[in-house]
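Biologist: I have the sequence and the model on my screen, and I'd like to learn how to read them. Please take me through the features one at a time.

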Number of protein chains: 2
Amino acid sequence: MATGSGKFPQMHPVSGFRLGTASAGIKTPGRKDLVVMELCESAFVAAVFTQNAFCAAPVTVAKQHLQTGAPRYLLINTGNANAGTGEIGLADAHKSCEVLADGQFVAANQILPFSTGVIGESLPMEKLLAGIPQAVAALDENGWTDAAEGILTTDTRPKGSSLQYTSNSTSDTSLAGDLSATVTITGITKGSGMIKPNMATMLGFVATDAQVDPELLHRALRLVSNKSFNRITVDSDTSTNDAVVLAATGASGVVIDESSFDQFVANLEKVFVELAQSIIRDGEGASKFVSVVVDSAIDSAEAVKVAYCIAESPLVKTALAASDANWGRILAAVGRAGVDNLDVNNVSVSLNKVLIVEQGCRAASYTEQAGDQAMMPEDITIQVSLNRGTATETVWTTDLTYEYVRINAEYRT
Amino acid sequence: MATGSGKFPQMHPVSGFRLGTASAGIKTPGRKDLVVMELCESAFVAAVFTQNAFCAAPVTVAKQHLQTGAPRYLLINTGNANAGTGEIGLADAHKSCEVLADGQFVAANQILPFSTGVIGESLPMEKLLAGIPQAVAALDENGWTDAAEGILTTDTRPKGSSLQYTSNSTSDTSLAGDLSATVTITGITKGSGMIKPNMATMLGFVATDAQVDPELLHRALRLVSNKSFNRITVDSDTSTNDAVVLAATGASGVVIDESSFDQFVANLEKVFVELAQSIIRDGEGASKFVSVVVDSAIDSAEAVKVAYCIAESPLVKTALAASDANWGRILAAVGRAGVDNLDVNNVSVSLNKVLIVEQGCRAASYTEQAGDQAMMPEDITIQVSLNRGTATETVWTTDLTYEYVRINAEYRT
């Protein structure tokens with residue numbers, strides 16, 4: 001199950017960024033499961049990773065390489081997470097970087113490895129290494145769609161987002177032939193379960209041809225991650241392998257500086273939000289796409305805390321699966337969120353704009369019929385007003401269905 | 001679904017404590033849904049309540065009455081939680097206390113009201129009030145079994161625990177005819193979903209005929225709640241109505257003082273743990289009874305945090321439902337529990353004593369076959385050793401099954 005049309009968008013190629021996909025047979029013979037991404041020499045890379053203490057071997061290695069090398073290639077496999085694999089897992093991650101580096105005449109620490117899939121089994125190295133030349137041979141600026149398929153696990157469909165905008169930047173004419181100042185931002189992501197990113201997400205790879213120095217690139221990545229991948233939850237489980245990479249090739253010659261930074265971030269946020277939402281729309285077993293909006297909180301942290309408490313409540317999520325306007329469960333979740341000195345008599349709740357709770361109890365205007373009507377659509381917005389401040393935050397989530405249980409009780413076995 | 005035999009135990013009556021049950025037709029005609037409990041004049045009462053900010057009207061009233069009156073009666077209804085009901089809910093809770101008080105010639109603040117059931121609907125007061133004389137007429141020291149049925153909601157079976165022990169106390173001969181020093185402790189509880197008590201639980205009522213002064217009684221209740229009702233979770237949802245009451249009638253004449261306190265607490269803990277575990281054994285949709293034991297933590301708080309993170313992980317719980325020894329999901333939950341400076345290379349995990357993880361990755365001795373075998377029984381112990389301290393804590397939970405989703409998607413509709 002999944003929500004929304006799931007239509008894969010037109011992907012604008014990003015100059016200076018090529019992608020190649022192969023079928024290495026890592027878990028399922030014949031499926032695309034190995035992706036190589038190549039950055040031009042002028043590119044900068046920013047990345048955020050899982051905060052899970054049991055981070056996977058490739059996460060450890062990618063972090064090391066980011067500190068010491070200038071990344072030129074990303075190497076991504078699905079079918080196996082290379083997590084919980086100890087020293088062998090680290091050696092395997094290093095070895096796969098070395099093999100790709102040797103073939104491309106770069107240093108091993110210029111490769112960032114990423115893995116996703118089953119935890120606790122060693123990588124089938126022979127198959128993986130044999131797939132690398134095949135992926136390299138396929139490198140192409142138009143390789144986004146194949147790559148989007150090549151990183152999936154329990155996802156039911158590929159997930160991409162792409163846009164172009166005209167920057168108000170100055171241009172570096174030594175790099176760009178024209179002065180059109182068009183910036184392209186294109187990205188793909190994967191993820192469907194074990195989704196509650198913490199400062200990062202499942203895998204996400206976004207590239208732009210803008211020229212962005214490392215400090216600005218990191219700042220942009222932090223800003224937009226906190227409005228996208230760090231605002232989603234399927235099941236409150238933070239993965240061991242989450243990573244988001246933002247690459248700026250600079251190939252457009254359009255320079256992002258302080259004067260054009262806000263515009264860049266606003267456009268980057270569009271791509272990031274669309275990618276993050278696409279994970280939720282494809283959340284395991286999802287039959288609803290749910291936006292939990294908490295407004296008039298004292299600060300952002302308070303709004304996020306309440307929103308997650310609702311979004312992670314199994315009782316709220318099962319009620320959503322039944323299209324049941326069970327506002328009592330929403331109130332109970334707000335009440336246990338740990339908000340200091342919450343005056344429940346000020347709390348109001350609406351479901352798809354139908355006011356169901358005001359001043360802490362059932363709204364006088366509310367009817368069961370209106371509630372049933374509000375819960376019919378696939379997209380549901382739960383809006384909670386705390387009426388004690390000015391901060392608003394949104395968290396996106398799914399409902400909890402039989403299908404979620406089936407997928408996770410059957411996966412791996 | 002439920003686990004264990006569910007056999008209702010022999011309930012020793014507690015001298016000075018009578019229970020009467022009626023069918024008031026609050027939600028379902030003909031079922032037992034109203035319980036009155038009567039305490040003798042010499043009794044003391046201690047109680048703990050939900051920490052949910054949206055506490056129900058009866059919780060608010062019971063707290064007020066505990067501060068101002070000497071409790072003589074508990075009035076409990078199922079079928080309706082009287083929560084999220086605003087001023088009307090408070091007035092209804094007060095009114096029901098007044099009616100019972102008037103009939104029994106006590107003050108209204110000597111009544112403690114408790115409600116459980118659907119949130120957000122007003123109490124059907126006419127039915128409830130009409131049922132009170134019926135429940136009073138049934139008051140009997142042997143009324144425990146009927147009362148255990150009369151407080152249930154989605155529970156599939158009544159839950160009780162009862163024991164007698166010989167106290168090492170001095171006896172108050174003015175009260176007790178003999179000097180046998182036998183103390184009886186008997187209790188009932190209810191709860192199956194919306195179970196993650198926070199300093200309290202769903203409803204629990206425990207009585208003893210020991211003579212315990214209020215300060216010792218409160219201390220005993222806090223101690224044993226933290227080893228029982230505050231160590232269970234079905235779905236991480238804290239109810240608006242949780243309450244546990246401990247009554248000491250003193251009718252046995254056996255005085256509990258500092259010298260006999262530890263023995264009293266040890267026996268009380270047996271009853272509380274049995275009651276708390278009976279909630280988990282009857283957890284909504286449960287097919288497994290799971291003990292999560294975290295040992296060698298730096299302190300109790302750290303052990304509890306890790307244990308809850310495992311016990312509440314939907315991915316761990318669905319793997320348990322599938323009898324899948326998916327230790328990767330357990331490691332991922334340990335890793336995201338937020339333990340400071342956790343050295344994952346020191347972590348080991350066993351499932352029903354089969355070592356599956358040592359030094360942070362798969363144990364050399366582990367085989368899939370041994371893991372499958374370990375997951376076969378209905379009762380599963382997940383033992384996690386952090387190997388950094390001496391604290392051990394246990395949390396009890398269920399698996400997450402289709403049946404849990406069905407119950408909660410269908411309840412109320």
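Modeller: Happy to! Helices (H or I, at least four residues) and strands (E, at least two) are DSSP runs, numbered from the N terminus. This is a predicted model, in which local features need pLDDT of at least 70 and side-chain atom pairs count only at pLDDT 80 or more, while totals for chains, interfaces and linings use all residues. Residues are numbered from 1 along each chain as its sequence is written, with chains lettered from A and ligands numbered from 1 in the order in which they are written.

Biologist: How many helices and strands are there in chain A?

Modeller: Chain A has 11 helices and 18 strands. Its radius of gyration (taken over C-alpha atoms) is 22 Å, close to the 22 Å that the globule rule (2.2 Å times the number of residues to the power 0.38) gives for 413 residues, so chain A is as compact as a globular protein of that length. Along the principal axes, the C-alpha trace of chain A spans about 70 × 55 × 35 Å.

Biologist: What share of the residues of chain A count as buried?

Modeller: A residue is buried if 20 or more other C-beta atoms, placed from the backbone, lie within 10 Å of its own, exposed if 12 or fewer, and partly exposed in between. By that count, 60% of the 413 residues of chain A are buried. Now for contacts: two residues are in contact if their C-beta atoms, placed from the backbone, lie within 7 Å. Among the contacts in chain A with a separation of 6 or more, 82% are between residues 24 or more positions apart.

Biologist: Which residues have the most contacts inside the largest nonpolar core?

Modeller: In soluble globular proteins, nonpolar side chains tend to be buried together. A nonpolar core is a set of buried Ala, Val, Leu, Ile, Met, Phe, Trp, Tyr and Cys residues joined through C-beta atoms within 7 Å. Here the largest has 263 residues, and those with the most contacts inside it are Val306(A), Ile310(A), Val334(A), Val306(B), Ile310(B) and Val334(B). Leaving aside residues up to four places away in sequence, Val334(A) touches Val306(A), Cys309(A), Ile310(A), Val347(A), Val384(A) and Phe54(B).

Biologist: Next, the sheets. In what order do the five strands of the open sheet in chain A lie?

Modeller: Two strands pair if DSSP finds at least two bridges between them. The order in chain A is β3-β11-β8-β7-β6, with mixed pairing. At the edges are β3 (44–49) and β6 (159–166) of chain A, each pairing on one side only. For angles, axes are lines fitted to C-alpha atoms, for helices over the stretch in contact, and angles run from 0 to 180 degrees between N-to-C directions. From one strand to the next, the twist averages 10°. Helix α1(A) (57–68) packs on the sheet, touching β3 and β11 (243–248) of chain A, and its direction makes about 145° with that of β3(A). Helix α5(A) (214–225) also touches β3 and β11 of chain A, with its direction at about 35° to that of β3(A).

Biologist: And which strands pair with β18(A)?

Modeller: β10(A) (232–233) pairs with β18(A) (391–398) in the parallel sense over two bridges, with Ile232(A) bridged to Trp396(A). β13(A) (289–297) pairs with β18(A) in the antiparallel sense over seven bridges, and there Val293(A) stands opposite Thr394(A).

Biologist: What domains does the assignment give for chain A?

Modeller: Domain bounds come from an automatic or database domain assignment. For chain A it gives domain 1 (17–281) and domain 2 (289–410). Their C-alpha centres lie 33 Å apart, and 11 residues of domain 1 of chain A contact 11 residues of domain 2 of chain A. On the domain 1 side of that contact, β10 and α6 (258–281) of chain A each supply at least two residues, with α6(A) giving the most, four.

Biologist: Last one: is Ser323(A) buried or exposed?

Modeller: Most residues other than glycine have a negative phi. Ser323(A) has a positive phi of about 50° although it is not a glycine, and its place is in the loop between α8 (314–321) and α9 (327–335) of chain A. Ser323(A) counts as buried because it has 20 C-beta neighbours inside 10 Å. Asn341(A) also has a positive phi, near 50°, in the loop between α9 and β14 (348–351) of chain A. Asn341(A), however, is exposed, with 7 other C-beta atoms within 10 Å.
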